[in-house]
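The exercises below are meant to be worked through with the sequence and the model side by side. Each begins with a task, and a solution follows step by step.

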Amino acid sequence: MSIQTKGIIFAVLSAIAYGTNPLGALYLYAEGLNVNSVIFYRFAFASSILALFMIIQKKSFFITFKELLILIFLGLLFGISAISLFSSFLHMDAGLASTILFIYPIFVAIIMALFFKEKNSIITILSIIFGFVGVLFLYGSDEANVSNFGIFLVIISSLCYAIYIVIINQYLKLSALKVTFYSMLFCTITILIHSFFDSSLNIMPLVNFNMWFYTIFLALVPTIISLLFLIKAIQLIGSTSASILGALEPLTAVLIGVYVFNEKITFWLVIGIVFILFGVILIVLKDYIDKLFKIKN
């Protein structure tokens, strides 16, 4: 098996694994857990597993004070993003929420243009238009479970994740494993603090087998396994190819929503999903397309 083939397989497995987020979350909601509890246990378990990996591989946990402050802020962003996304599952179809979340590369491009003077190209503008039109198509379908508040929550989640990525790229020079561990750790702490603000937000105990099973599933499959496969895929085929194959993430979530939770899929929803994915792929391939046009010109 070639390196390219291995990389593609890892990228596909990573995307599919991440797309199973709704599978764990919706079953845990059905068991009676609130949003805070689902996210808290997911990242508490995941950060513990990552810490164990780092200890086994004898990786250093050392960070400077400046890095600590940045990582605390990243954990806060991660926490807000997770709360917003998982809360949106209560207001709209989880598959559609996961699709809208996927517009984060477009937000990254906008942030880089506004705050870091990265030159906007026609590709960036087109991707923004495609993403916006795609969301409008999702919103315009009367047959699906879509709400204004649900879309607002997912956009907040996507924006926070985009800021998270920009900060890592611009201000942190740590290994992916270390950044992910500390981000998850401080995200867990953020969720814990958030749970103290209202009794309805309190962390609830895991009291039966299903709760433990789906919580561990969330920590392992869409978190740890997805992360490790993604890192391996990037090492083998590069971040651009891995990002394109990441389009399988929302598609997996949509299929789970339709076939497991009986969420509705309509013609306009399919069109909306296609527009969003096309806009994201344009952003991912922006540098390649720009170079191609320069060569032709």
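**Exercise 1.** Is Asn-34 buried or exposed? Work from its relative accessible area, and keep in mind that this is a predicted model.

*Solution.* Begin by placing the residue: Asn-34 sits in the loop that runs between α2 (21–30) and α3 (35–56). Next, take its relative accessible area, which is 15%, and compare it with the cut-off, since buried means under 20%. Asn-34 is therefore buried. Finally, look at what surrounds the residue: once its neighbours within four places in sequence are left aside, Asn-34 is in contact with Tyr-29, Ser-200, Leu-201, Asn-202 and Met-204.

**Exercise 2.** Determine how many residues of α2 are buried, and find the helices against which they pack.

*Solution.* List the buried residues of α2 to begin with: they are Asn-21, Pro-22, Gly-24, Ala-25, Leu-26, Leu-28 and Tyr-29. These amount to 7 of the 10 residues of the helix, so α2 is largely enclosed by the rest of the structure. The packing partners of these buried residues are α1 (3–18), α3, α4, α5 (94–101), α10 (209–237) and α12 (248–259). One of the buried residues, Tyr-29, was already met as a contact of Asn-34. Just after the helix, Gly-32 takes a positive phi of about 105°.

**Exercise 3.** Describe the aromatic pair of Phe-61 and Phe-181, and then that of Tyr-104 and Tyr-161, giving the geometry of each and the parts of the chain that each ties together.

*Solution.* The count of aromatic pairs comes to 21. In the pair of Phe-61 and Phe-181, the centres are 5.4 Å apart and the planes stand at 80° to each other, which is an edge-to-face arrangement. Phe-61 belongs to the loop between α3 and α4 (65–88), whereas Phe-181 belongs to helix α9 (residues 176–194), so this pair ties together parts that are 120 residues apart in sequence. As for accessibility, Phe-61 is partly exposed at 28%, while Phe-181, at 8%, counts as buried.

Turn now to the second pair. The ring centres of Tyr-104 and Tyr-161 lie 4.9 Å apart with their planes at 85°, so this pair is edge-to-face. Because Tyr-104 lies in helix α6 (residues 104–115) and Tyr-161 in helix α8 (residues 148–171), the pair ties together parts that are 57 residues apart in sequence. Tyr-104 is buried, with a relative accessible area of 18%, and Tyr-161 is partly exposed, with 27%. Both tyrosines also belong to one aromatic cluster, formed by Phe-43, Phe-78, Phe-102, Tyr-104, Tyr-161 and Tyr-164.

**Exercise 4.** Which elements make up the protein chain, and how does its radius of gyration compare with the globule rule?

*Solution.* Count the elements first: the protein chain has 14 helices and 0 strands. Its radius of gyration is 19 Å, close to the 19 Å that the globule rule gives for 297 residues, so the chain is as compact as a globular protein of that length. Then consider the inside of the chain, where buried residues make up 49% of the 297 residues. Last, take the contacts between residues at least 6 apart in sequence: of these, 87% join residues at least 24 apart.

Terms used: Residues numbered from 1 in each chain as written. Predicted model: local features only at pLDDT ≥ 70, side-chain atom pairs only at ≥ 80, totals over all residues. Heavy atoms only, no water. Helix = DSSP H or I, 4+ residues; strand = E, 2+ residues; numbered from the N terminus. Rg over C-alpha atoms; globule rule 2.2 N^0.38 Å. Buried < 20%, exposed > 50% of the residue type's maximum accessible area, 1.4 Å probe, protein only. Contact = heavy atoms within 4.5 Å. Phe/Tyr/Trp six-rings, centres within 6.5 Å; stacked < 30°, edge-to-face > 60°.
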